[in-house]
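Subject: Structure handover

Hi,

Here is the structure I promised to pass on. Please open it alongside this note; my findings follow below.

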Amino acid sequence: MKKTNILWAILNLVFLVIFNAIFFIIGGTEHNTSVWISYAFIHFAYFMLLLTPRLIRRGKSTAVFGFSLFAISTTYFLLQFVTGIIFILIAPDSYCSALLVQLCIAGLNGIIVVANMIANERTAEAEEKRQHQIAYVKEASVKIKGLLDKIDGKEERKIVTRVYDAIYSSPVKSHPNLIEIENRIIRSINELEHAVATGNKDDIISLANSLLPTINERNNLREC
């Protein structure tokens, strides 16, 4: 185990050790049901706080996701701690009020946490989709830009430049219905790369000319 993990484990245990020491030294071991219920809910809230890092959705906005979940878990723990201490000090003979109040707090926290996790999942999925959408224009533009540096012929360079301009100015946002035509464009660019590598002027011009209407078709479909 890494030293950092050991230190975090020690830090996480500090509250439990201090709380339990105070609880048993001052109050002893003889308590009624309402006190033990409060004792259990305080520990549950603390363990939920420790569990928070495992609930965070990994992605580009991990820090934002983590902040919101930690804020919720911390708020729940502090609220539960104060509520639990009140019930421990009052120690009502009937356990119903202690159970119902703290169960409602835990239930409300559960609803908020799950709702937040759902929102984070949607945000992360939207980010992934956005990255996929950007990939087409980015990948295609980089490839064509690289080819322009390798083309010496004026005629070939002119037509390939038109292809680059068409792709570079294409709408970034994609759509599932455009995946097939975008893949076709990428395949044609790969063929164009081979033609440039072999220095075949006719193939370069032919492939570049065939790419232009395909790119325009993709862009027109995107606007529909």
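**Salt bridges first**

Glu-155 and Lys-201 form a salt bridge, with their closest N and O atoms 3.3 Å apart. Glu-155 sits in helix H5 and Lys-201 in helix H7, so this pair ties together parts that are 46 residues apart in sequence. A salt bridge here is a side-chain nitrogen of Lys or Arg within 4 Å of a carboxyl oxygen of Asp or Glu. By that rule the count is three.

Before the rest, a word on the source. This is a predicted model: local features need pLDDT of at least 70, side-chain atom pairs count only at pLDDT 80 or more, and totals for chains, interfaces and linings use all residues. Residues are numbered from 1 along each chain as its sequence is written, and side-chain values use heavy atoms, with hydrogens and water left out.

Now the burial of these pairs. Buried means under 20% relative accessible area, exposed over 50%, and partly exposed in between (1.4 Å probe, protein chains only). Glu-155 is partly exposed at 44%. Lys-201 is partly exposed too, at 39%.

Arg-218 bridges to Glu-182, with the closest N and O atoms 3.0 Å apart. This pair links distant parts of the chain: Arg-218 is in helix H7, Glu-182 in helix H6, 36 residues apart. Arg-218 is buried, at 0% relative accessible area. Glu-182 is buried as well, at 5%.

Arg-184 and Glu-217 also meet in a salt bridge (3.7 Å, N to O). Arg-184 belongs to helix H6 and Glu-217 to helix H7, 33 residues apart. Arg-184 is partly exposed at 32%, and Glu-217 is partly exposed at 37%.

**A buried Glu without a partner**

Glu-156 is in helix H5 (residues 154-168). Glu-156 is buried yet has no salt bridge. The nearest side chain of opposite charge is Lys-201, 4.5 Å away. For charge, Lys and Arg count as positive and Asp and Glu as negative; His and the chain ends are not counted. Leaving out residues up to four places away in sequence, Glu-156 touches Ile-151, Lys-201, Ile-204 and Ile-205. Contact means heavy atoms within 4.5 Å.

**Overall fold and cores**

The protein has seven helices and zero strands. Helices (H or I, at least four residues) and strands (E, at least two) are DSSP runs, numbered from the N terminus. Of the 224 residues, 37% count as buried. Among contacts with a separation of 6 or more, 74% join residues 24 or more positions apart.

The largest nonpolar core has 25 residues. Helix H4 (96-148), H5, helix H6 (179-198) and helix H7 (201-223) each give two or more residues to this core. Such a core is a set of buried Ala, Val, Leu, Ile, Met, Phe, Trp, Tyr and Cys residues joined through side-chain atoms within 4.5 Å. Ile-144, Val-160, Val-163 and Leu-192 have the most contacts inside the largest core. Beyond four places in sequence, Ile-144 touches Val-160, Val-163, Tyr-164, Ile-167, Ile-189 and Leu-192. Apart from this core lies another, of ten residues, among them Ile-37, Phe-41, Tyr-76 and Ile-105.

**Helix H2**

Helix H2 (residues 33-55) has 23 residues. The buried residues of H2 include Ile-37, Phe-41 and Leu-49. H2 bends by about 30° at Leu-49. That bend is the angle between axes fitted to the seven residues ending there and the seven starting there. Pro-53 follows within four residues.

Best wishes

Key: The expected span of a helix is 1.5 Å times one less than its number of residues.
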